[in-house]
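Work through the exercises below with the structure in view. Try each task before reading its solution.

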Amino acid sequence: MTTYTLQILAGDGIGPEAMTEVKKLVAWINDKTDITINSRDGLVGGCSYDAYGEPLSDETLAECRDADAILLGAVGGPKWNNVEYTKRPEAGLLRLRKELDLFANLRPALVFDALIDASTLKPEIVRGLDILIVRELTGGVYFGEPRGIEDLGNGQRRGINTQVYTTAEIERVARVAFDLARKRGNKVTSCEKANVMESGKLWREDVSALHGKEFYDVELEHMYADNCAMQLLRNPSQFDVIVTDNLFGDILSDEAAMLTGSLGMLPSASLGDQNTTALYEPVHGSAPDIAGQGKANPLATILSFAMCLRYSFNQGTLADKIETCVQNVLNNGIRTPDIMADGCTEVSTSGMGDALIAELEK
Ligand code: NAD
């Protein structure tokens with residue numbers, strides 16, 4: 001019997017609704033497999049602010065550190081729009097990422113055959129698409145110093161941000177990408193702007209050096225980030241794993257995500273080094289417009305939980321099984337309103353969770 005501790009932070013809006021469906025899955029795993037998952041609930045975001053006056057308490061952070069993995073729903077909503085900047089719901093999430101030093105953000109872009117028409121690209125371009133974007137998450141221009149807005153005293157101001165990376169920061173995220181590529185299509189595309197940025201030149205040199213030392217069995221190609229943005233639309237199937245910095249990763253991962261067409265289907269993982277607890281969360285937000293109506297698609301949260309099983313609990317077979325069942329449910333025409341199509345059966349959030357359990361039972 002293998003036992004894992006899962007810290008659940010359901011958060012705000014549709015977060016708790018989607019998480020209820022994950023809890024059904026956890027109960028099924030505890031009942032039907034030789035794995036035991038002890039899950040416990042904590043507060044993050046607006047609900048934590050309401051309860052404790054801060055979006056992530058020290059106690060919850062300590063519980064997160066102590067767990068084997070964290071699964072987060074979503075944070076935020078109009079109720080907290082006027083809360084001061086450092087206490088806003090999103091600050092809780094940022095604190096979690098920073099305190100746990102989660103430097104590698106994994107964003108899969110997977111096109112399910114049943115949802116192929118949801119993409120804005122032609123079916124023949126996106127069929128079978130399976131890309132993993134690894135974005136550096138704790139460095140680069142979003143954190144570099146100096147930064148700020150200066151008054152130049154002549155009626156002009158100057159805004160400053162600094163793009164900065166060290167070899168250690170580049171190597172650790174590239175290592176994650178190479179390791180993952182070995183378990184997938186064995187190819188890494190590294191993206192920067194080495195043609196116009198020194199930090200990009202260093203990025204390219206350090207990724208190449210690491211590849212030569214430790215990962216020469218993996219295919220490596222370098223690509224300028226702007227070209228990557230175009231190639232993602234022209235011929236996305238050429239990619240397996242893409243590794244890139246914080247800024248380019250922010251943009252390219254959103255672009256790749258939209259190839260799949262549906263926000264309610266997109267999971268993510270944020271990993272640190274092997275001694276830190278990883279964080280899993282859907283890409284979407286708290287969707288206040290549909291919260292509490294049973295309309296939320298829980299699959300992004302469920303697929304985030306599958307990533308947790310694969311990467312933090314080393315239960316790849318179980319993760320594969322859940323992903324296959326998601327595919328089967330979609331093939332059977334079961335749909336939440338966001339992915340509804342002609343001839344399909346519309347179900348609620350809990351209806352989708354129940355359909356998945358029924359599929360697992362088969
Ligand atoms: P959003 O992702 O919450 O919603 C965008 C649109 O997609 C909405 O129309 C929503 O109904 C729909 N949608 C999103 N997830 C869905 C799902 N699972 N099923 C069905 N439909 C879904 O983005 P937003 O509206 O820009 O932001 C709402 C709040 O969420 C804001 O407070 C924002 O700050 C916060 N937010 C949080 C996170 C996070 O927790 N990681 C990420 C993004 C936004």
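Helices (H or I, at least four residues) and strands (E, at least two) are DSSP runs, numbered from the N terminus. The model is predicted, so local features need pLDDT of at least 70, side-chain atom pairs count only at pLDDT 80 or more, and totals for chains, interfaces and linings use all residues. Residues are numbered from 1 along each chain as its sequence is written, and side-chain values use heavy atoms, with hydrogens and water left out.

**Exercise 1. Backbone in the loops**

Task: Find where Asn314 lies, and state its phi.

Solution: 
- Step 1. Asn314 sits in the loop between H10 and H11.
- Step 2. Its phi is positive, about 55 degrees, although Asn314 is not a glycine.
- Step 3. Ala287 also has a positive phi, near 40 degrees, and is not glycine either.
- Step 4. Look for Ala287 in the loop between strand E12 (278-282) and H10.
- Step 5. Now take the peptide bond from Glu145 to Pro146: it is cis, with omega near 0 degrees.
- Step 6. Pro146 belongs to the loop between strand E5 (130-136) and strand E6 (148-151).
- Step 7. For background, most residues other than glycine have a negative phi, and most peptide bonds are trans.

**Exercise 2. H10 against H11**

Task: Decide how H10 runs relative to H11.

Solution: 
- Step 1. The axes of H10 (residues 299-311) and H11 (residues 316-331) come within 7 Å and cross at roughly 160 degrees.
- Step 2. H10 is therefore roughly antiparallel to H11. (Angles under 35 degrees count as roughly parallel, over 145 as roughly antiparallel, 65 to 115 as roughly perpendicular and the rest as oblique.)
- Step 3. List the contact (heavy atoms within 4.5 Å). Among its residues are Leu299, Ile302 and Phe305 of H10 and Leu318, Ile322 and Val326 of H11.
- Step 4. Sort by class: the contact of H10 with H11 has 11 nonpolar, 1 polar and 3 charged residues. (Ala, Val, Leu, Ile, Met, Phe, Trp, Tyr, Cys and Pro count as nonpolar, Asp, Glu, Lys and Arg as charged, and the others, Gly among them, as polar.)

**Exercise 3. Disulfides**

Task: How many disulfides does the structure hold?

Solution: 
- Step 1. Apply the cut-off: a disulfide is a pair of cysteine sulfur atoms within 2.5 Å.
- Step 2. The count is 0.
- Step 3. For Cys47, the nearest cysteine sulfur is that of Cys64, 12 Å away.
- Step 4. For Cys344, the nearest is that of Cys325, 18 Å away.

Conventions: Axes fitted to C-alpha atoms, helices over the stretch in contact; angles between N-to-C directions.
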